[in-house]
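Me: Could you take me through one part of this structure slowly? I'd like a close look at how the pieces of one chain sit against each other.

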Amino acid sequence: MPIVDQQMTKQTSPNSNPPVRKDFLAAKDFNFFYGKKQALYDINIEIPERQVTAFIGPSGCGKSTLLRNFNRMNELIEGVRHEGDIRLLGKSIYDKSVEVISLRRSIGMVFQKSNPFPKSIYENVVYGLRISGQSKKSTLDEAVERSLRGAALWEEVKDRLHESALGLSGGQMQRLCIARAIANRPKVLLMDEPCSALDPIATVKVEELIRELKKEFTIVIVTHNMQQATRCSDETAFFYLGKLIEFDRTQKIFSNPSEKQTEDYITGRFG
Amino acid sequence: MSAPTSQSNSLAHYKSGPDFFRLLCWLASAVTVLTLGWIIFKIVESAWPAIHKFGWDFLTSSAWLPNRERFGVFPFIVGTVVSSFVAILMAFPLGLAIAIFLSENFLPAPVRQVIRFVVEMLAAIPSVVYGLWGIFVVIPLSKSFADWMVSVFGGVPIFAGPAYGNSLFTASIVLAIMILPTITAISRNSLSSVPKTLREGAYALGSTRWEAILGVILPSAAPGIVAATILALGRAMGETMAVAMLIGNSSRLSWSIFSPAGTLAGLLANQFGEAQELQVNSLMYAALILIIITLFVNMIGEAVLRYTQHQTAGIR
Ligand SMILES: Nc1ncnc2c1ncn2[C@@H]1O[C@H](COP(=O)(O)OP(=O)(O)OP(=O)(O)O)[C@@H](O)[C@H]1O
Ligand SMILES: [Mg+2]
């Protein structure tokens, strides 16, 4: 069985020493509606542990919608409805015992437009820890350094931790948002076009960061940039009109896709 | 291709267009500035004899004795400032709470619409009506509340008895209601214009609704809320009719908020009709002081506003 094969190869690959779980995050027969308008159709996807999974597809195909269902962010919109299930480590995120607050703490999210809070760099990073009741200074200090190092920002800001985060450059702000997300020590990191507002140099930095972060986190990234998908993802999912068309190893998707629609999209014939 | 010529033609049109409007704008601005200058000049001119006679003593003296030609407005300055601050103290928490409830979806949209309409209607009620309502409704209520406060906290100077119906406290209650729409409307506006991305950022980190509101949304809306409060303070300081009807217009200084007091605006409204000579000059002097105080308040407000805006620049 190919699934088992893949899991075996991943277990022995150098980047991921502990065994990886193939269905770390999974959607099952998932449908999603904004009011009467259906945005996702029968999505079945299993996102593997400590890998980077890229979501690609033309604008409006539902990439963000699916991403924002993983941490139940779409529930903030009025009149939405879902069918089917989403599971984190095999457990439904809609289970009555799951608190949406703690779900969001264990699934970090980075947005297209960086959104630092109007606070200091330090306070931005520890925001998640503070609201979960952590106030011990040594713990917070440690988390700030660890997260900023994790987001490859420490060296640039270590002397100005207590200055406003709004004085950072666009690329630095985006990395600060990544630091803020990983400070919670989430299991999954969701990124919705994290580089689309960045210049090429900042983009390279964030991409390097993504490759680094996957040692520790399971990452899902939405991107419109095919090169970016090939550069930093292991798996790629292609969506079209609310449906998951194809999901496979990134290499396979970009060299030898099984579906004609996928091929048309990655070769730029539509989208 | 005929495009270049037609383009340069239309450019020429654009150029001649704004010149006319620019002139109009200049004219309008000049009229505004000149009017303001003229008003201040006239006030200073008619206040001059009093300024000359009393100098700085006018500000610090507590004697307002028209028969003896002795004038000082210290109690009225204090009354103006204190009544407005007490009004802000009462209106700010309420106004901000209403603004939060109107900008977040705690309540169904139609209910919010109704509350918003009602609060904004408060601004449409004429001042004199507030005064009348204050006399017939607020005075009895505030008097019994004040009596109770005096009986419990009477030892504290600001709550000392005896409690009067026409008092600084009564005037402040009505002032608070009058400035509520200002605080609510502007705060609500700045709360609902906090970028969606910031709210989402807060929720995505696992904030509860109140954590998002208190930790992220309120701080981001702070400049607007500060502006709202300052505008409200300015309005409260200049408010005349309702205050003149309720505050008691006393020139006696008292520590207690339950005693009668006076404000500069109330003083002008009450005495201008029968004033003559030096009294008129003194009232004009008082008017000048009122203008300076409100200008000063607005300037502080602007400075705070600019500072907070600088802090939050770049997130919008
Ligand atoms: N808040 C909303 N209310 C109603 N419909 C929405 C809402 N958000 C998205 N949609 C619709 O759902 C569909 C999927 O949108 P989604 O944002 O998930 O697309 P996307 O793949 O992320 O596109 P893009 O690449 O442009 O970001 C679109 O047709 C969109 O119009
Ligand atoms: Mg999107």
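Reply: Chain B splits into domain 1, covering 1–52, and domain 2, covering 55–311. Keep in mind that this is a predicted model.

Now for the place where they touch. On the domain 1 side of chain B, 8 residues are in contact with domain 2, and 8 residues of domain 2 of chain B take part in return. Together the two domains of chain B bury about 790 Å² between them, and carbon and sulfur atoms give 77% of that area. Three residues stand out here: B:Ile43, B:Ala50 and B:Ile51 supply 55% of the area that domain 1 of chain B buries against domain 2, more than any other three residues.

What kinds of residue does domain 1 of chain B bring to this contact, by class? The side that touches domain 2 of chain B has 6 nonpolar and 2 polar residues, and no charged ones. Looking at specific pairings across the boundary, you'll find 0 salt bridges between domain 1 and domain 2 of chain B.

Conventions. Residues numbered from 1 in each chain as written. Chains lettered and ligands numbered in written order. Predicted model: local features only at pLDDT ≥ 70, side-chain atom pairs only at ≥ 80, totals over all residues. Heavy atoms only, no water. Domains from an automatic or database assignment. Contact = heavy atoms within 4.5 Å. Buried area = accessible area lost by both parts, 1.4 Å probe. Salt bridge = Lys/Arg side-chain N within 4 Å of Asp/Glu carboxyl O. Nonpolar A, V, L, I, M, F, W, Y, C, P; charged D, E, K, R; others polar.
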